[in-house]
Amino acid sequence: MDNEEKSEKQARNILKILVVDDDKTTTDLVKSMLISASYECSIANNSRNFFEIVSRQRFDLILLDVAMPGTSGIDILKRMKRDPCTKIVLFTATTMKKSDIEKIKELGVIGIIEKPVRKEKMLEEVARFLSY
């Protein structure tokens, strides 16, 4: 196998993650963390960007902020067409009650990553959720 074939094979195996958060500093930081671990990463800073991006691309994992102005992460979950191959994890600074977590899981969420999060913890959690 020559280098070009190896590169193509590696490109096919790169996992794609979409980070959705209204705070650009947060999305840029998380994107940097994910790229350092060889994930392909896109960002959306509002619901309009989110829907434009997911209409054109498929993702292995979506990290979705809950509290965003206008359309919240929960509203996005209710409106989106679910791709069963895409895993959704809430990425939030909001402490959630167990009953709220159960309701959110009914919308297809597989877990929650709480902000703020260190790089090591973020990468550990992303890898864990991708393995579901």
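The charged end of R128 sits over the ring of F129, 4.4 Å from its centre. Here, "over a ring" means that NZ of Lys or CZ of Arg is within 6 Å of the ring centre and within 35 degrees of the ring normal. K16 makes a like arrangement, its charged end lying over the ring of F59, 5.6 Å from the centre.

Before we go on, a word on the source: this is a predicted model, in which local features need pLDDT of at least 70 and side-chain atom pairs count only at pLDDT 80 or more, while totals for chains, interfaces and linings use all residues. Residues are numbered from 1 along each chain as its sequence is written, and side-chain values use heavy atoms, with hydrogens and water left out.

**Aromatic pairs**

The structure holds 2 aromatic pairs, listed below. Rings of Phe, Tyr and Trp (its six-membered ring) pair if their centres lie within 6.5 Å; planes under 30 degrees apart count as stacked, over 60 as edge-to-face and the rest as tilted.

| Pair | Centre distance | Plane angle | Kind |
|---|---|---|---|
| F50 and F51 | 5.0 Å | 80° | edge-to-face |
| F129 and Y132 | 5.5 Å | 65° | edge-to-face |

How enclosed are these rings? Buried means under 20% relative accessible area, exposed over 50%, and partly exposed in between, with a 1.4 Å probe and protein chains only. F129 is buried at 2% relative accessibility, and F50 is buried at 0%. F51, in contrast, is partly exposed, with a relative accessible area of 22%.

**The sheet**

Now to the strands and helices, which are DSSP runs numbered from the N terminus (helices are H or I with at least four residues, strands E with at least two). Two strands pair if DSSP finds at least two bridges between them. An open sheet of 5 strands runs in the order 2-1-3-4-5, with parallel pairing. Strand 2 (40-44) and strand 5 (109-114) stand at the edges with a single partner strand each, so one side of each has no neighbour in the sheet. On average, neighbouring strands are turned by 20° against each other, direction ignored; axes are lines fitted to C-alpha atoms, for helices over the stretch in contact, and angles run from 0 to 180 degrees between N-to-C directions.

Which strand is largely enclosed by the rest of the structure? That is strand 1, because 4 of its 5 residues are buried. Strand 1 pairs with strand 2 in the parallel sense over 5 bridges, and V19 has I43 in strand 2 as its bridge partner. From strand 1 the chain crosses through helix 2 (residues 24-36) to strand 2, and this β-α-β crossover is right-handed: with the strands pointing away from the viewer, the path from the first strand over the helix to the second runs clockwise.

Strand 1 also pairs with strand 3 over 4 parallel bridges, where I17 stands opposite L61. Strand 3 (residues 61-64) and strand 4 (residues 87-92) pair in the parallel sense over 4 bridges, and I62 has I88 in strand 4 as bridge partner. Helix 6 (residues 119-130) packs on the sheet, touching strand 1 (16-20), strand 3, strand 4 and strand 5, and its direction makes about 175° with that of strand 5. Contact here means heavy atoms within 4.5 Å.

**Two backbone details**

Most residues other than glycine have a negative phi, and most peptide bonds are trans. The peptide bond from K115 to P116 is cis, with omega near -10°, and P116 lies in the loop between strand 5 and helix 6. S38, in the loop between helix 2 and strand 2, has a positive phi near 70° and is exposed at 55% relative accessibility.
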